[in-house]
Amino acid sequence: MPARIFLDNAATTPLDPTVLAAMTEVMADTYGNPSSIHAEGRKARSLIEAARKTVANALNCSIGEVFFTSGGTEANNMALKNAVRDLGVTRIISSPLEHHCVLHSLDAIQATGAATVEQVRIDALGHVDLEDLAQRLNSDDDRKTLVSLMHANNEIGNLLPLEEVAILCADAGALFHCDTVQTMGYYPLDLAATRVNFLSGSAHKFYGPKGVGFVYIRNENIIKPYLDGGAQERNMRGGTENIYGIVGLATALERALLEQDDRMVKMHDLKRYFVDQLRQRVPDVRFNGDTERSHAKVLSVSFPESPKGDLLLMNLDLNGISASGGSACSSGIDVGSHVVGHLHPESLRHTIRFSFSHHNTREEVDEVVRKLGGML
Ligand SMILES: Cc1ncc(COP(=O)(O)O)c(C=O)c1O
């Protein structure tokens with residue numbers, strides 16, 4: 001079978017071999033419960049704490065601010081729901097383009113009546129309108145406010161000017177939650193310099209294992225347990241830790257930072273090359289969002305209407321090319337993306353999200369463009 005071309009790296013990334021090696025070593029040798037006080041337990045505990053230190057170093061924060069979770073969804077749920085429950089937040093400003101784990105958490109919060117949610121204006125390219133955000137933050141509304149905006153959009157890639165938003169929030173006395181699931185390991189983050197109250201990471205987006213992530217909670221934001229149980233994660237999240245996953249996450253993050261510049265150069269090159277090739281070969285192609293101020297990893301493309309277009313994603317798959325119709329939740333069944341739908345309510349067209357990794361090559365892009373030619 002010819003090798004497949006995987007262009008769905010915003011949905012997930014393959015496990016890095018060094019991560020697999022680190023994880024299997026722990027699986028083979030470390031079976032202690034990290035809460036036990038004997039030698040086996042202490043060994044397991046030391047691995048978790050070393051991993052926490054790796055994450056804290058990567059973000060330039062303190063180890064007491066990093067809590068391991070089951071992934072990005074849990075990290076975002078925890079930040080948003082605990083901010084309302086424990087920090088007196090009664091007003092949330094967010095955007096209609098957030099990931100479903102944020103949108104649905106906000107729906108759930110709103111349904112309890114504990115806080116109201118308002119949406120910032122999005123401009124024609126899919127960026128947050130910072131003037132609108134500033135106006136909302138500086139209005140006479142004196143309710144305790146949390147801003148929840150993602151760093152990079154998982155469907156169109158648009159990047160938020162994180163520092164600017166952090167300053168706007170800090171100046172207005174608002175808390176700031178940033179969903180950094182797509183950018184963690186790809187773009188530098190310095191939490192000593194940038195004032196964010198909550199952010200999230202998920203290992204499987206940066207060549208680590210699935211089912212493990214973390215939430216950063218700024219020291220001054222004292223919240224109560226998210227999962228009641230034992231004293232794990234300093235009482236914040238009961239339950240025996242996913243030690244192999246946590247070691248895998250830290251190994252993957254360390255490697256992502258080490259190789260960050262090289263990986264980003266490769267992905268930027270692939271994205272630009274793909275855009276150029278599609279512009280030359282597909283008349284009337286549309287790129288959703290801002291192809292310039294966006295994550296090097298993500299490219300959302302809408303193809304002109306055609307009778308064969310509905311089957312585009314399936315045809316790509318049959319031709320050995322993996323891409324997505326929107327976010328991972330909808331890949332396979334093209335139900336239409338809420339992000340592209342917001343930007344282009346008049347027509348979703350046949351939209352495909354291609355997302356790159358440093359493993360992809362220009363030859364693969366050539367092959368995809370060639371095969372697409374016969375499918376439109
Ligand atoms: C922007 C964003 N936030 C959150 C998540 C959820 O992360 P996880 O799959 O680890 O729950 C994803 C995953 O697709 C994402 O892209």
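This is a predicted model: local features need pLDDT of at least 70, side-chain atom pairs count only at pLDDT 80 or more; totals for chains, interfaces and linings use all residues.
A crossing of two helices is called right-handed if the near helix is turned clockwise from the far one by less than a right angle, and left-handed if anticlockwise.

**View 1. Helices H8 and H11 pack with a right-handed crossing.** Here we zoom in on H8, covering residues 260–281, and H11, covering residues 362–373. Their axes sit 10 Å apart, and the packing angle is about 25 degrees. That makes H8 roughly parallel to H11, since angles under 35 degrees count that way.

**View 2. Helices H2 and H7 cross in the left-handed sense.** H2 spans residues 39–59 and H7 spans residues 243–258. The two axes come within 9 Å of each other, crossing at roughly 30 degrees. So H2 also gets the label roughly parallel, this time relative to H7.

**View 3. Helix H7 again, now with H1 as its partner.** H1 takes in residues 17–29, and its axis comes within 9 Å of the H7 axis. The crossing angle here is roughly 150 degrees. Angles over 145 degrees count as roughly antiparallel, so that is how H1 runs relative to H7. As for handedness, H1 and H7 make a right-handed crossing.

**View 4. The ligand sits in a shell of 14 residues.** Among them, the closest are Gly72, Thr73, Asp179, Ser202 and Lys205. Sorted by class, the shell holds 9 polar, 3 nonpolar and 2 charged residues. Which helix gives the most to this shell? That would be H3, residues 72–87, which supplies 3 residues.

View 5. How much of the ligand's accessible area does the protein cover? On its own the ligand has 390 Å² of accessible area, and the protein covers 87% of that.

Note on methods:
Residues are numbered from 1 along each chain as its sequence is written. Side-chain values use heavy atoms; hydrogens and water are left out. A residue is near a molecule or strand if one of its heavy atoms lies within 4 Å of it. Accessible areas come from the Shrake-Rupley method with a 1.4 Å probe; for residues, only the protein chains shown count as cover. Helices (H or I, at least four residues) and strands (E, at least two) are DSSP runs, numbered from the N terminus. Ala, Val, Leu, Ile, Met, Phe, Trp, Tyr, Cys and Pro count as nonpolar, Asp, Glu, Lys and Arg as charged, and the others, Gly among them, as polar. Axes are lines fitted to C-alpha atoms, for helices over the stretch in contact, and angles run from 0 to 180 degrees between N-to-C directions. Angles under 35 degrees count as roughly parallel, over 145 as roughly antiparallel, 65 to 115 as roughly perpendicular and the rest as oblique.
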